[in-house]
Amino acid sequence: MTGRRRIRSILLPRLLHRPVRARALTTGALVACASLAAGCGIVPGATGGSGDDGPITVMTWAPQDTKATNKPGMPAFAEAYARWINSQGGINGRRLTVLTCNDENDTVAAARCARRAVQENAVAVVGSYSQYADSFMPALEGAGIPYIGGYGITTNEFTSPLSYPVNGGQPVLLAGLGRTLADSCGPVTLIRPDTIVGDQLPPLLDSGLAAGGHARSGDQRAAEDATSYESQARQALERATADTAEQGCVVPALGDRTGTFMDSFRRARADYPEVRTATVLGSVDQSTIDASGGASGPYEGSYVTGWYPAAGDPLWDPMKKVIEKEAFGDNRIDAADAGVQTTWIAYTVFKQVVESLGDGEVSADTVSGALDGGLKVTTGGLTPTLRWNFQDELAAVGFPRLVNANVTLQVVRDGRLVAARKGFTDVTKTLRDADLG
């Protein structure tokens, strides 16, 4: 993985010295904003880091209205959560102010969102999605602002000392899927974006395949924002059916464009022997399956790895009640969407952090200090108990902040995405033994 050697050599010193440096830099940012209050867009009274009962300011960002992957439900749910928690009296009696930002699937826009979080004195960025951690993370690190519950789409989210992921991101989804497919597939073909993030996916899937004694997958690049994938579908089918003795598997991992690929795949597959499809949550959800024809659609029988229990599990009822109360009729918010689910869990974490501070100051430093201090956070069974150490078990393979390596296995049965196996599967060992160089 890019930058592994450098990360391992400097990570611990950065963690040990971050609080002092962050506090000084945060103070500098506040002084700068004090002289440019109108330009920084500070809301009067929304001090965020005060020791009084003033509002607590956080930010949630995600791409919206783009030609590639969009996650409008994440900021929309964050706003709904703020309305709900404030109707309950806030957190420790303090109102929650949620700022939202459109990262536009663009490196410049992502950096702009981070700078706004600094300017508006956000104490954390919570439950967000962006492919451009290289652009936004330096600004957050410079100001000491923690990144809680990012979607897990970039390596930086599992290496930055100020990142507190609630799931294992793409690494665990693909490793878990590879391990499942190793027992049931012949040739495996991965279709993934021709991007820097996409470049990280093949070795992760292959780590799971290798754990099951399976050969590596065929790596097939595709444009992230294509409107048709006819040629890519045929190429994938040719690879997956090369061995007539075993049924091959096709694994599209194209985010929002997975549905577009599957439309092309459905038209092309009639000319080839039968193959199985499999993918990861985030590339498909129940709404995608419904739109593609349900039980008669191309996803029927597909394995799907996820981070959390299936959307129909009663463990999601508290989140659904918030949506029903504060966002009924908002079609941006889908309770089955992995982004919305991650945002709920991220705000669950943030709430417990603030509660742990009691009547003390709520600032970027105190929030990250509580998390670095060994605070254990529960999520109502949606994840294992979460706790972030300086160097966790997967530091040796370049993921020092990956603390939740659990996946769930789901399957599309009769047009519904349901649990294929009870409980969680821990893929820590699979990743630890992987060759991710």
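The buried residues of helix 12 pack against helix 3 (73–87) and helix 13 (338–356), where helices are DSSP runs (H or I, at least four residues) and strands likewise (E, at least two), numbered from the N terminus, and contact means heavy atoms within 4.5 Å. The model is a predicted one, in which local features need pLDDT of at least 70 and side-chain atom pairs count only at pLDDT 80 or more, while totals for chains, interfaces and linings use all residues. Residues are numbered from 1 along each chain as its sequence is written, and side-chain values use heavy atoms, with hydrogens and water left out.

In helix 12 (residues 317–326), the buried residues are Met319, Val322, Ile323 and Glu326; buried means under 20% relative accessible area, exposed over 50%, and partly exposed in between (1.4 Å probe, protein chains only). Seen down the axis of helix 12, these buried residues fall within an arc of 95°, so they line one face of the helix, the arc being that of the directions from the helix axis to the C-beta atoms. An α-helix has 3.6 residues a turn, so residues three or four places apart point the same way. The face turned away from the buried side of helix 12 carries the exposed residues Lys321, Glu324 and Lys325.

Helix 3 and helix 12 pack at an angle of about 90°, with their axes 9 Å apart; axes are lines fitted to C-alpha atoms, for helices over the stretch in contact, and angles run from 0 to 180 degrees between N-to-C directions. Helix 3 and helix 12 are therefore roughly perpendicular to each other, on a scale where angles under 35 degrees count as roughly parallel, over 145 as roughly antiparallel, 65 to 115 as roughly perpendicular and the rest as oblique. Phe77, Ala80, Tyr81, Arg83, Trp84 and Ser87 of helix 3 make the contact with Met319, Val322, Ile323, Lys325 and Glu326 of helix 12.

**Helix 9 and helix 10**

Helix 9 (residues 230–240) packs with helix 10 (residues 258–268) at an angle of about 60°, and their axes are 8 Å apart, which makes helix 9 oblique to helix 10. On the side of helix 9, the contact involves Glu230, Gln232, Ala233, Arg234, Ala236 and Leu237, and on the side of helix 10 it involves Phe261, Ser264, Phe265, Arg267 and Ala268.

**Individual residues**

Gln352 is found in helix 13 and touches Leu375, Lys376, Val377 and Thr378, not counting residues up to four places away in sequence. Gln352 and Lys376 are 24 residues apart in sequence and 9.1 Å apart in space, C-alpha to C-alpha.

Gln64, in the loop between strand 1 and helix 3, is in contact with Asn70, Pro72, Pro75 and Asn102, leaving aside its neighbours within four places in sequence. Asp65 lies in the loop between strand 1 (56–62) and helix 3, and its phi is near 60°, a positive value in a residue other than glycine. Asn92, found in the loop between helix 3 and strand 2 (96–102), has a positive phi of about 55° although it is not a glycine. Most residues other than glycine have a negative phi.

The accessibility of these residues is tabulated below.

| Residue | Relative accessible area | Class |
|---|---|---|
| Gln64 | 18% | buried |
| Asp65 | 78% | exposed |
| Asn92 | 34% | partly exposed |
| Gln352 | 23% | partly exposed |
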